[in-house]
2 protein chains.
Amino acid sequence: MGISKTAYFSDRQNKIANIAKALGHPARIAIMEHLIKVDACICGDLVDELPLAQPTISQHLKELKQANLIKGNIEGSSVCYCIHKDTLVFLKEFLNQFNGDPKQNIFSCSKS
Amino acid sequence: MGISKTAYFSDRQNKIANIAKALGHPARIAIMEHLIKVDACICGDLVDELPLAQPTISQHLKELKQANLIKGNIEGSSVCYCIHKDTLVFLKEFLNQFNGDPKQNIFSCSKS
DNA sequence: TTATGTTATCGTAATATTGCAATATAACAA
DNA sequence: TTGTTATATTGCAATATTACGATAACATAA
């Protein structure tokens, strides 16, 4: 990515960007959607479900975990993953900023 | 980013990932937040506002425009940018999938 | 015309991401 | 112990992103 000037932005802006970045890959969207469908599953289930190799899935899970989008519970020799809703709520709150007057600012913009 | 197997995922999953990826940088979050604060502004305003050079801002705006997160209106020699709410609504609808029973799946997960 | 203001594009260096084979690690069974 | 199963880590090639100086493209003014 080249140098990213994260230090120049607020913690909140960096946190939101980090969550969005973690969601910025179709495999990770597919993982999130599979997790919500089955409630919780292990890495191996995702390897069967998605057209990617096990190390790749594991790496994507790590990415999602780093952003707090999922949690992993160790269950014997496997790890059970599920969604961490708090983070999704946080992201939704960011999006709610953009709910202004619906009559305004929809199909045009000017600096007037 | 290396080869991204986008072809293996649905159009919808790719679209969501693309929007999220566009939001996956603090400068672009800052741009979106500035745009909502002032309703609409030109590139030069953002150059004054953010600690990045003009070509960098322009590139970030292109990224946001490509994901349909903003629109640009040419006004004389400048371009007026504003938020494209439809895309944010689309992203919010994706997040709404994750609003299951609040008593379930909050602080634990198991494959039981 | 020339000059100025505004934005986009090009080129490039530094760095990050993606994907996977190979391998390591860990839990458990036999 | 050995073997099996499940997941994580390492190492690497291919590719993408980030940032910015230089410059191009454009509208407008003088």
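The following legends describe close-up views of a predicted model.

Figure 1. Chain A contains five helices and three strands. Read from the N terminus, its elements follow the order α-α-β-α-α-β-β-α. Of the 112 residues in chain A, 46% are buried. Among the contacts in chain A that link residues at least 6 apart in sequence, 51% are between residues at least 24 apart.

**Figure 2. Relation between chain A and chain B.** Chain B is superposed on chain A by a rotation of 180° with 0.0 Å of shift along the rotation axis, and the RMSD is 0.0 Å. This is therefore the relation of a two-fold axis. The two copies use the same surface, as 100% of the contact residues of chain B recur in chain A.

**Figure 3. Packing of helix α2 of chain A with helix α1 of chain B.** Because angles of 65 to 115 degrees count as roughly perpendicular, α2(A) is described as roughly perpendicular to α1(B). The crossing of the two helices is right-handed.

**Figure 4. Residues in the contact of α2(A) with α1(B).** From α2(A), the view includes A:Pro26, A:Ile29, A:Ala30 and A:Glu33. These residues meet B:Arg12, B:Gln13, B:Asn14, B:Ile16 and B:Ala17 of α1(B). By class, the residues of this contact comprise five nonpolar, two polar and two charged.

Figure 5. The relative accessible area of B:Asn73 is 30%. Since buried means under 20% and exposed means over 50%, B:Asn73 is classed as partly exposed. Leaving aside residues up to four places away in sequence, B:Asn73 touches B:Ser78, B:Val79 and B:Cys80 in chain B, as well as A:Cys109 in chain A.

**Figure 6. Separation of B:Asn73 and B:Ile42 in sequence and in space.** B:Asn73 and B:Ile42 lie 31 residues apart in sequence. The C-alpha to C-alpha distance between B:Asn73 and B:Ile42 is 9.3 Å.

Terms used. Residues are numbered from 1 along each chain as its sequence is written. Chains are lettered from A and ligands numbered from 1 in the order in which they are written. This is a predicted model: local features need pLDDT of at least 70, side-chain atom pairs count only at pLDDT 80 or more; totals for chains, interfaces and linings use all residues. Side-chain values use heavy atoms; hydrogens and water are left out. Axes are lines fitted to C-alpha atoms, for helices over the stretch in contact, and angles run from 0 to 180 degrees between N-to-C directions. Helices (H or I, at least four residues) and strands (E, at least two) are DSSP runs, numbered from the N terminus. Angles under 35 degrees count as roughly parallel, over 145 as roughly antiparallel, 65 to 115 as roughly perpendicular and the rest as oblique. A crossing is left-handed if the near helix is turned anticlockwise from the far one by less than a right angle, and right-handed if clockwise. Contact means heavy atoms within 4.5 Å. Ala, Val, Leu, Ile, Met, Phe, Trp, Tyr, Cys and Pro count as nonpolar, Asp, Glu, Lys and Arg as charged, and the others, Gly among them, as polar. Copies are superposed by least squares on the C-alpha atoms of residues with pLDDT of at least 70 in both. Buried means under 20% relative accessible area, exposed over 50%, partly exposed in between (1.4 Å probe, protein chains only).
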